[in-house]
Amino acid sequence: MQLNWSLKELYTGFNAPAFLSDLEKMESDIATLNQYANNLDSVNSMEQYFKLQEEIHKTAVKLYNFSSLTFSTDTSNQDALQTQNKLQTILSKATVARTKMTTFISKIDNISDFIAPSDYLKQFEYVIQENKQYATHLLSEAEEILAAKLSITGSSAWTTLQQKLTSTLKCSITLDGELKSLPITVIRNLANDPSPEVRKAAYEAELEAYQTIDEAVAMSLNSIKGEVLTMSALRHYSSPLQMTLETSRMTEKTLNAMMNSIKKAIPYFQSYLKSKAKLLGHENGLPFYDLFAPVGTSTKKYTYEEGCKFVIDNFAAFSDKLSKVASNAIENGWIDVEPKEGKVSGAFCASVHPLGEFRVLLNYTGNLGDVTTMAHELGHGYHAICTNDENILNTDYPMTLAETASTFCETIVNNAALNIASDEEAITILENALQDATQVICDIYSRYLFESDLFNTRNDHPLSVEELKTSMLNAQKSAYGDGLDHNYLHPYMWLIKPHYYSAGLNFYNFPYAFGLLFAKGLYAKYTENPEFFKANYDRLLAASGKMSVVDVCKIMSIDVEDEQFWDASLTIIKKDIDKFTALAGEKR
């Protein structure tokens, strides 16, 4: 079974004729696009512009995926790094055209009537209307060009630095009486180790290692967030959060409804943490190093083959299409599986729409959490496949909806596993699911609080390492309460999480909570009316790039601006907490 993903379907190398030809084509097409933008005066000229933009997008997705995916598994690859920088420079030249198109659209009173004669343009009506709204935040043409160019040596460069420093970081740790130097990804995966001594040693080694890079990463974070604050103010947003909500196609009413429900539910998650703490022999809450500790005697390790079968079999219980998508990804080498030096931490899925494919990065070590992570990322892949029949310009779905299919797939795997589990297995499966849910509710809430504080403070001054650590500790205390032992928190979570290090993805935290709770609500819809659900689920995923969040959710008759929906979704998780607490009480 292939453990390293195949990228040859994109290109065979950075010097391959196809790669160099596409690079040249993209640069030439962008120059032509800028010429088209100078002559925008009719629906025909607008159609000509969008058709070329479509071609540029297809080429750019292939080129950028090849370089970024290569870099993700080998951050020492200079060709990949240099190509990413080159692509950013080339793509920045399209800023002129985008600015002129947005300005042109902004001057049209009734967009719907204007594009009515063109069947081609009508498919982009939502995106075009969105551009009209964005025009209110547009800078001058010269300023837009300057901002795009400066971001390459600004926020993008700082992002690369954080990736480089964290992916190449090694930790010294004593295991089985032997001092070892291990990559940070391996150390972080030891948080799942059955041995409490190993988990604590890994936690201490991790925190110690971060001290060697914390000043440089803090500078990266301050620089990126400083740029975001500058640009959001120049674009007349009231805050980076407002900017994020608009780009996420999400209303403030939706965010407030969800956050209010989360605040009400946090005590339930704290009770789960305290129950787990007692089960592991802790009296003052759970120490951070035991957040991911396995519970129960069912600590089965899954080989990659076993993990794949577990996922595919459980996907098949939902639909043949979903299981076939997963099988196809596994069999055709679309997944990079194991942790290794130079590979970025975590997991992600990248859509390769021009090929009708996707690629998944894992750091798989064989615990049940790794299996559900696989299900999560393959869910992203399924989402990508559902958009294959859409025009590529209609596939850029917002962060909030990006987590829908992935979290739904986790729910499928966990629920199917629980249905056939013994009590001993059930506590392990429940605990694994609650680990994830607690991360998505409590940890994500702590990240939201931290990033809010980070922006507020950064408005006044760059934060020192100590200020960043204090802010993170305060956020964790607020989100986890007495569920965690305050003597053993994680002051460096801001350093390792890549979600903070993108100028274009601010507040990449609440979308995870949205995804989890929306997926729980969707699963409830599925159990209530499987036929209605299956008839509309793929349509919902396909439409996610061409509608607002509120309108996409209406496809499933869900009102995400209503607090009651979020309360009901959290109630589903509360029931799992009650089951776990009862089983844990029997074991103590």
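This report describes a cavity, aromatic rings and one lysine in a predicted model.

## Basis of the model

Because the model is predicted, local features need pLDDT of at least 70 and side-chain atom pairs count only at pLDDT 80 or more, while totals for chains, interfaces and linings use all residues. Residues are numbered from 1 along each chain as its sequence is written, and side-chain values use heavy atoms, with hydrogens and water left out.

## The cavity

The structure holds one cavity of 30 Å³ or more. A cavity is a set of points, on a 1 Å grid over the protein atoms alone, where a 1.4 Å probe fits but cannot get out; lining residues have an atom within 4 Å of a point. A volume is the space filled by probe spheres set on the points, which are joined across faces, edges and corners. For the largest cavity the volume is about 30 Å³.

Its lining consists of Tyr272, Leu273, Leu291, Phe292, Gln435, Thr438 and Gln439. Two or more of the lining residues come from each of α14 (252-279) and α20 (423-458), and α20 gives the largest share, three residues. Helices here are DSSP runs (H or I, at least four residues), numbered from the N terminus. By residue class the lining holds four nonpolar, three polar and no charged residues; Ala, Val, Leu, Ile, Met, Phe, Trp, Tyr, Cys and Pro count as nonpolar, Asp, Glu, Lys and Arg as charged, and the others, Gly among them, as polar.

## Aromatic rings

There are 39 aromatic pairs in the structure. Rings of Phe, Tyr and Trp (its six-membered ring) pair if their centres lie within 6.5 Å; planes under 30 degrees apart count as stacked, over 60 as edge-to-face and the rest as tilted. The pair of Tyr448 and Phe507 is tilted, because the ring centres are 5.7 Å apart and the planes stand at 50 degrees. This pair links distant parts of the chain, 59 residues apart: Tyr448 is in helix α20, and Phe507 is in the loop between α22 (493-496) and α23 (510-528).

One aromatic cluster is formed by Phe318, Tyr382, Phe408, Tyr523, Tyr526, Phe533 and Tyr537. The charged end of Lys534 sits over the ring of Phe318, 5.9 Å from its centre; this requires NZ of Lys or CZ of Arg within 6 Å of the ring centre and within 35 degrees of the ring normal.

## Lys264

Lys264 is located in helix α14. With 44% relative accessibility, Lys264 counts as partly exposed, a class between buried and exposed (over 50%). Beyond residues up to four places away in sequence, Lys264 touches Glu563 and Asp567, where contact means heavy atoms within 4.5 Å. Lys264 and Asp567 are 303 residues apart in sequence, yet 8.7 Å apart in space, C-alpha to C-alpha.

Terms used: 1 Å grid on protein atoms, 1.4 Å probe; cavity = no way out; pocket = protein on both sides within 12 Å on 5 of 7 lines; lining within 4 Å. Buried < 20%, exposed > 50% of the residue type's maximum accessible area, 1.4 Å probe, protein only.
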